[in-house]
Amino acid sequence: MPPMEFIDCKTLRCPMPIVQIGRFIKQAAPGARVRVEACDPAFRADLEAWARRGGHTIVEFEPGTIQTAVIEKGPG
Amino acid sequence: MTEAGTLPSTEALWARLRTLEAEVSQLSRRVPEERVSLLVVNGDFERVHTALMLAHAAVALELEVSLYFAMWGVQALRAKGPGRSRTVYARCLNAILASNVSGLPSSRMNFGGLGPLALVRLMQKHAIASPAQLLDLATEAGVALVACPLSLSLFELTPADLLPDVEVRGAASFLEEATRSRFSAVF
């Protein structure tokens, strides 16, 4: 299995993390996974809203100062 | 359904189907699109900033978004650099108002323009994109930037005075789009 893509959003503030994730996911294949790290406290809510709208899944979410999320692209 | 004499005839079914198709077609025309329409009238720093933030968030949520700039808002769409020579009235008016997106006044603590400068500096410190940065990225992100032609005439601006990629369309065009949007707001 190819290594999972990683997007570093640690220096980005709302809404830039999901802008970056969205851009990546758009060109990814359905079912592709990506790991994201972010520090913005608004990240979790933004990510959940984005996933809900686009039909994507948040496979894992680790809260903390550095939040780590694993996202799977939904079917097209 | 298998009881004798209760099955509708084929003609009746076709007629019912045609009626339903017409109804569905009518209803689907009224369902809002995945679209957001934002009206920027005020032209103040924080309003333009918020509108642009929402526009970028909308793109991230895969919504179509149009930002319609009217009245003072058109100042945010002006290109940098000296304008063409205009009447004295227009030159004065445009000099008093913002020069472009980097010169927008804030509605509070403007302090003759120092307020927004301090705000932008604070934003940079907190890694928040400034209005100028957001506007710069807007077209590439797929945000439609639209200027009101009447407001342009008021300030004797022409499309040549504005940033490239700015559409010029009137109220009816924007409003029609807004009626098809799931969300619309005025800034």
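**Reading contacts in a two-chain model**

Guide: Let us begin with one polar contact: a polar atom in the side chain of His56(A) lies 3.0 Å from the backbone nitrogen of Gly74(A). The model is predicted.

Visitor: Where in chain A is His56(A) placed?

Guide: His56(A) sits in the loop between helix 2 and strand 3 (57–62) of chain A.

Visitor: Is His56(A) buried or exposed?

Guide: The reading rests on relative accessible area, for which buried means under 20%. His56(A) has a relative accessibility of 12% and therefore counts as buried.

Visitor: Leaving aside neighbours within four places in sequence, with which residues is His56(A) in contact?

Guide: Within chain A, the contacts of His56(A) are Ile25(A), Trp50(A), Ala51(A), Ile71(A), Glu72(A), Lys73(A) and Gly74(A); from chain B, Glu62(B) is also in contact with His56(A). A separation can also be stated in two ways: His56(A) and Ala28(A) are 28 residues apart in sequence, and their C-alpha atoms are 12 Å apart in space.

Visitor: How many salt bridges does the rule find across the interface of chain A and chain B?

Guide: Side chains of opposite charge can pair when their charged atoms come close. Across this interface the rule finds 1 salt bridge. Its partners are Arg53(A) and Glu34(B), whose closest N and O atoms are 2.4 Å apart.

Visitor: How many salt bridges does the structure hold over all chains?

Guide: Over all chains there are 14 salt bridges. One within chain A joins the side chains of Lys10(A) and Glu37(A), at 2.5 Å from N to O.

Visitor: Which parts of chain A does the pair of Glu37(A) and Lys10(A) tie together?

Guide: Lys10(A) lies in the loop between strand 1 (5–9) and helix 1, and Glu37(A) in strand 2 (residues 33–38), so the pair ties together parts of chain A that are 27 residues apart in sequence. Glu37(A) is buried, at a relative accessible area of 15%, whereas Lys10(A) is partly exposed at 28%.

Visitor: Salt bridges may share partners. What is the closest N and O distance between Arg180(B) and Glu176(B)?

Guide: In the salt bridge of Arg180(B) with Glu176(B), the closest N and O atoms are 2.8 Å apart. Arg180(B) is partly exposed at 26% relative accessibility, and Glu176(B) is partly exposed with a relative accessible area of 40%. Through shared partners, salt bridges join Glu33(B), Arg35(B), Glu167(B), Arg169(B), Glu176(B), Glu177(B) and Arg180(B) into one network. Within this network, the side chains of Glu33(B) and Arg35(B) meet at 2.9 Å, N to O. Arg35(B) is buried, with a relative accessible area of 13%, and Glu33(B) is partly exposed at 30%.

Visitor: How many aromatic pairs does a search of the whole structure find?

Guide: The search finds 3 aromatic pairs over all chains. To name the geometry one needs the angle between the ring planes, since planes under 30 degrees apart count as stacked. Tyr68(B) and Phe174(B) form a stacked pair, with 4.6 Å from centre to centre and 20° between the planes. This pair links distant parts of the chain: Tyr68(B) is in strand 2 (residues 64–69) and Phe174(B) in helix 7 (residues 171–179) of chain B, 106 residues apart. Both Tyr68(B) and Phe174(B) are buried.

How values were computed:
Residues numbered from 1 in each chain as written. Chains lettered and ligands numbered in written order. Predicted model: local features only at pLDDT ≥ 70, side-chain atom pairs only at ≥ 80, totals over all residues. Heavy atoms only, no water. Salt bridge = Lys/Arg side-chain N within 4 Å of Asp/Glu carboxyl O. Phe/Tyr/Trp six-rings, centres within 6.5 Å; stacked < 30°, edge-to-face > 60°. Helix = DSSP H or I, 4+ residues; strand = E, 2+ residues; numbered from the N terminus. Buried < 20%, exposed > 50% of the residue type's maximum accessible area, 1.4 Å probe, protein only. Contact = heavy atoms within 4.5 Å. Polar contact = N/O pair within 3.5 Å; in protein donor to acceptor, adjacent residues only side chain to side chain.
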